[in-house]
Amino acid sequence: MIRWKLNEVMARKRVRNKDLAEALGITENSVYRLRKVDQMPRLTPERLNGICKVLNCQPGELLEYESDDDDGKVVSIVDVA
C-alpha cells in the first residue's frame with residue numbers, strides 16, 4: 001500500500017489548510033480531506049505539482065510504501081505475453 005503523508009509534511013513545514021487551499025485554488029474542506037486520508041488519493045499531475053510547489057518538497061516526501069502482503073509475494077498488474 002502507498003501511504004499518503006500530506007498531513008505529516010504540512011505539519012513539519014507549518015503550512016495551514018488555509019494557505020494550501022488559497023495557493024491551489026480549492027476550499028479548505030478539500031485540503032482537510034486530502035490531509036485526513038491514509039492512502040494516496042487520486043490526484044492530477046497538476047494538483048500534485050501544486051502541492052509540491054507550495055510545500056517546497058518532492059513527491060516522494062508525500063508517499064511511503066508499506067507492504068500489505070502477508071506472504072511477501074508481489075502481485076503483478078501487467079500481463080506479460
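Contact here means that heavy atoms lie within 4.5 Å of each other, and the views below show a predicted model.

**View 1. Residues that join helix α2 to helix α4.** On the α2 side, Leu20, Ala23 and Leu24 take part, and they meet Arg47, Gly50, Ile51 and Val54 of α4.

**View 2. How the axes of α2 and α4 cross.** Two packed helices are described by the angle between their axes and by the distance between those axes. For α2 (residues 17-24) and α4 (residues 45-55), the axes come within 10 Å and cross at roughly 130 degrees. The crossing in which α2 passes α4 is right-handed.

**View 3. The buried residues of helix α1.** In α1, which spans residues 6-13, the buried residues are Leu6, Val9 and Met10. Because they cover an arc of only 100 degrees around the axis, they lie on the same side of α1. Among the elements that cover these buried residues are β1 (2-4), α2, α3 (28-36) and α4. Just after α1 comes Arg14, which takes a positive phi of about 55 degrees.

**View 4. The buried residues of helix α2.** Asn17, Leu20, Ala21 and Leu24 are the buried residues of α2, and they are placed on the same side of α2 because their arc around the axis is only 100 degrees. An α-helix has 3.6 residues a turn, so residues three or four places apart point the same way. The buried residues of α2 pack against α1, α3 and α4, and α2 is followed by Gly25, which has a positive phi near 75 degrees.

Definitions and conventions
Residues are numbered from 1 along each chain as its sequence is written. This is a predicted model: local features need pLDDT of at least 70, side-chain atom pairs count only at pLDDT 80 or more; totals for chains, interfaces and linings use all residues. Side-chain values use heavy atoms; hydrogens and water are left out. Axes are lines fitted to C-alpha atoms, for helices over the stretch in contact, and angles run from 0 to 180 degrees between N-to-C directions. Helices (H or I, at least four residues) and strands (E, at least two) are DSSP runs, numbered from the N terminus. A crossing is left-handed if the near helix is turned anticlockwise from the far one by less than a right angle, and right-handed if clockwise. Buried means under 20% relative accessible area, exposed over 50%, partly exposed in between (1.4 Å probe, protein chains only). The arc is that of the directions from the helix axis to the C-beta atoms.
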